[in-house]
Amino acid sequence: MSTTKKIAGAALAAALGVTTLSACGGGDAKDKTAGTSDAPKSKTVTLVSHDSFNATDAVLKEFEQQSGYTVKVLKSGDAGAALNQEILTKGSPRGDVFFGVDNTLLSRALDNGIFTPYEAKGLADVKPEYVLDKEHRVTPIDSGDICVNYDKAYFADKKIAPPQTLDDLTKPEYKNLLVVENAATSSPGLGFMLASVGKYGEEGWKDYWSKLKANGVEVVDGWEQAYNERFSGSAGGKKAKGDRPLVVSYASSPPVEVLYGEPQPAEAPTGVATGTCFRQIEFAGLLKGAKNEEGGKALVDFLISKKFQEDMPLQMFVNPVTKDAALPELFTKHGVVVEKPENVTPEAIAKNREQWVKAWTALVVK
């Protein structure tokens, strides 16, 4: 499974040559205390994360200066792979805090007991709909919406209104236009499948995918291939001569296209079908057995601080979860607000995820 959601924006930035942070503190990517046998371990706090974690040097430097801790970031592949490594090292974690488990994988993390409960300072400022664990084993950090994106130029040229809902995608005028990611191998692919479960329920979601298949949906392994190769509306897709004007991506993808466009366009070349979305929420948690528990608590507090929350949108292309954090103009001008994303409870996902993916694979891929 690829990294979440909201995360594809960072992948797009990487595809366009934008570097990301591997650790904090000046320009040095190495832990400042690494290799110093007499360095006090309590002064280093280690954040284990998926590969798309990013923050500005100045913001993390401010945390270091205020807290007295040096931050080490240990990137560990995509979200699923990173979580699996923490499950395998349960009780003897590789770090102090884990960031990047989302609501599609939350039950796996909680059932395996890898976190120590901690009610973060500032949690009252987090919007209550994002607090999914009442025991505070994890703290919400960001959210993002997996949605179908469309190529504005294609639909303008064809004089066809772009689709706006899941139902629209099954209509004849959109035949052979949509590319999606494999739900078994891709985070946005899984999220889009869950959107159909949320919309049509246990009785109707498979029938919906039968209709999509009959309408020529294309399935590829991951977001990179779908968005940067097959989708005609992205910068990468144009270069690759992609011919699919509809793709499963993120609500934050249009602002990213503007930010890294060369030259930067006045308007985003892509739009979002807001009636096709599934909301992902990412969490951080204090790892059970952390060597620096106090530093870990301080870091979790910092991740929901206004400073970090307002830094995230242009670093990881996700939305803040706190009430007072403002979005940058790039998001407010070129992004969209998804008022009613589809939802599936973490309990339902935990109970049914594997069988849903198997049923989807048998129906759509095989």
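**Aromatic contacts in a predicted model**

**View 1. The Tyr150 and Phe155 pair.** Tyr150 and Phe155 are both buried (under 20% relative accessible area, 1.4 Å probe, protein chains only). The model is predicted: local features need pLDDT of at least 70, side-chain atom pairs count only at pLDDT 80 or more, and totals for chains, interfaces and linings use all residues. Residues are numbered from 1 along each chain as its sequence is written, and side-chain values use heavy atoms, with hydrogens and water left out. Across the whole structure, 14 aromatic pairs are found (ring centres of Phe, Tyr or the six-membered ring of Trp within 6.5 Å; planes under 30 degrees apart are stacked, over 60 edge-to-face, the rest tilted). The rings of Tyr150 and Phe155 pair edge-to-face, with 6.2 Å centre to centre and 90° between the planes.

**View 2. The Tyr227 and Phe231 pair.** The aromatic pair of Tyr227 and Phe231 is tilted, at 40° between the planes and 5.4 Å centre to centre. Tyr227 and Phe231 are buried.

**View 3. An aromatic cluster.** One aromatic cluster is formed by Phe53, Phe63, Phe99, Phe302 and Phe308.

**View 4. Lys43 and the ring of Tyr69.** Lys43 places its charged end over the ring of Tyr69, 5.8 Å from the ring centre (NZ of Lys or CZ of Arg within 6 Å of the centre and within 35 degrees of the ring normal).

**View 5. The protein as context.** Of 366 residues in the protein, 56% are buried. Among contacts with a separation of 6 or more, 78% join residues 24 or more positions apart (heavy atoms within 4.5 Å).

How values were computed: Buried means under 20% relative accessible area, exposed over 50%, partly exposed in between (1.4 Å probe, protein chains only).
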